[in-house]
Amino acid sequence: MTALRPVRLTRRAGLSVGASLVGLSTPGTAYAVGESASMNRQDHAPETSLRDLGDARGIRIGAAVSSRPLVAEPAYREILAREFSSVTCENVMKPSFLQPSQGRFDFQAADAIVAFATAHGMTIRGHTLVWHNQNPAWLERVAASGENASAALRDHITGVLTHYRNDGPVPVLAWDVVNEAITDTGALRDTLWARALGPGYLADVFRWANETDPDARLFYNDYGAEGMGRKADAVHALLRGLVQDGVPVHGVGLQMHVGIGARQSPSRPDLAANIARLRALGLEVHVTEMDVKLQTGTGTDDERLAEQAQVYADILGTCIEAGVTSFTFWGFTDTHSWIPGFTGKPDGALPFDTAYAPKPAYHALTHVLAGG
Ligand code: XIL
């Protein structure tokens, strides 16, 4: 870290920041940019935001958005619009929502999120067209029967991308066309689509998407393939093959569901090397779903929050240096995070707490974006 500007750290609401936070060397002093570490929503709006700082660095900062709080909670809307320049629908652009019964598309919930994003000058990452989860029952049945599976998947992709064409009223700039098609050991995942259509489905779906909206940026998205390793090697090999075959794939999404504690997040050199080799294929790299679990670590609450801040800062800093162009969190407030539901344990994996106050992670992220 260079060019740090020390500011006094104010203790508040039981939150203190340990000496390990982002290059902190003097207890009681933290490094933040443009705002006091005591800033919270109740005090005043911050002078800077992740969004503004990201704009200055040429990186979009995004959040996954959930429909209910967007309608029900003013604080949710306020922070979303202020802090983020990109939006992903956390659920409502998945096939079970967009085509609940065959041939009947329902864009209402997704379009409400798109409308909010557009009104606030944010771009949209579409998520996701081809996945083994959150499919409507009819689509699973068609895939399992083998008959007309290809036509059903193609119709879904064509229907969705026609609605969201970039030359239309509700443009979606980037799409996670395929989500999680590789297993943790690097094999092709045995999904409804692999079984029905064979491995060639991966190239087909990108082609269908590109034919429908030639201006959409098309991504392969996966988890656990962020650093170097068997799975990351397999994702790289898959993409190299697609690129060599002239398949219209434009980018890779690294989900980045990580945690504090040993080996719960990629090392900086591994992450940098993996991004570099993906970019060397001519692909854009986005971080698409970042959160940092606390339950994987040990120590006091303050120590774990400080470690979480460090993980966020290390990964964002590495990504900026490595040329990542979009960086999305899977939510932004601990009130609405998928992690407790997924792991069955309480957590606090996002940069804003349950009272919508920024956590040490938030300050560490702004510091990195400001060039720290
Ligand atoms: C999750 C949502 O956050 C949950 O609300 C939902 O119940 C299940 O899906 N990888 C992905 C996302 O690509 O779509 C998942 O989202 C989280 C893991």
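1. A residue counts as near a molecule if one of its heavy atoms lies within 4 Å of it. Among the 13 residues around the ligand, those that come nearest are Glu90, Lys94, His127, Glu289 and Trp330. This is a predicted model, in which local features need pLDDT of at least 70, side-chain atom pairs count only at pLDDT 80 or more, and totals for chains, interfaces and linings use all residues. Residues are numbered from 1 along each chain as its sequence is written, and side-chain values use heavy atoms, with hydrogens and water left out.

2. Taking a polar contact as a pair of N or O atoms within 3.5 Å, an oxygen atom of the ligand lies 2.5 Å from a side-chain N or O atom of Glu90, while for Glu289 the corresponding distance is 2.7 Å and for Asn91 it is 3.0 Å.

3. On confidence, pLDDT being the predictor's confidence in each residue from 0 to 100, the protein chain has a mean of 90, and 88% of its residues reach 70 or more. Where pLDDT is low, the predicted coordinates should not be read in detail.

Terms used. Polar contact = N/O pair within 3.5 Å; in protein donor to acceptor, adjacent residues only side chain to side chain.
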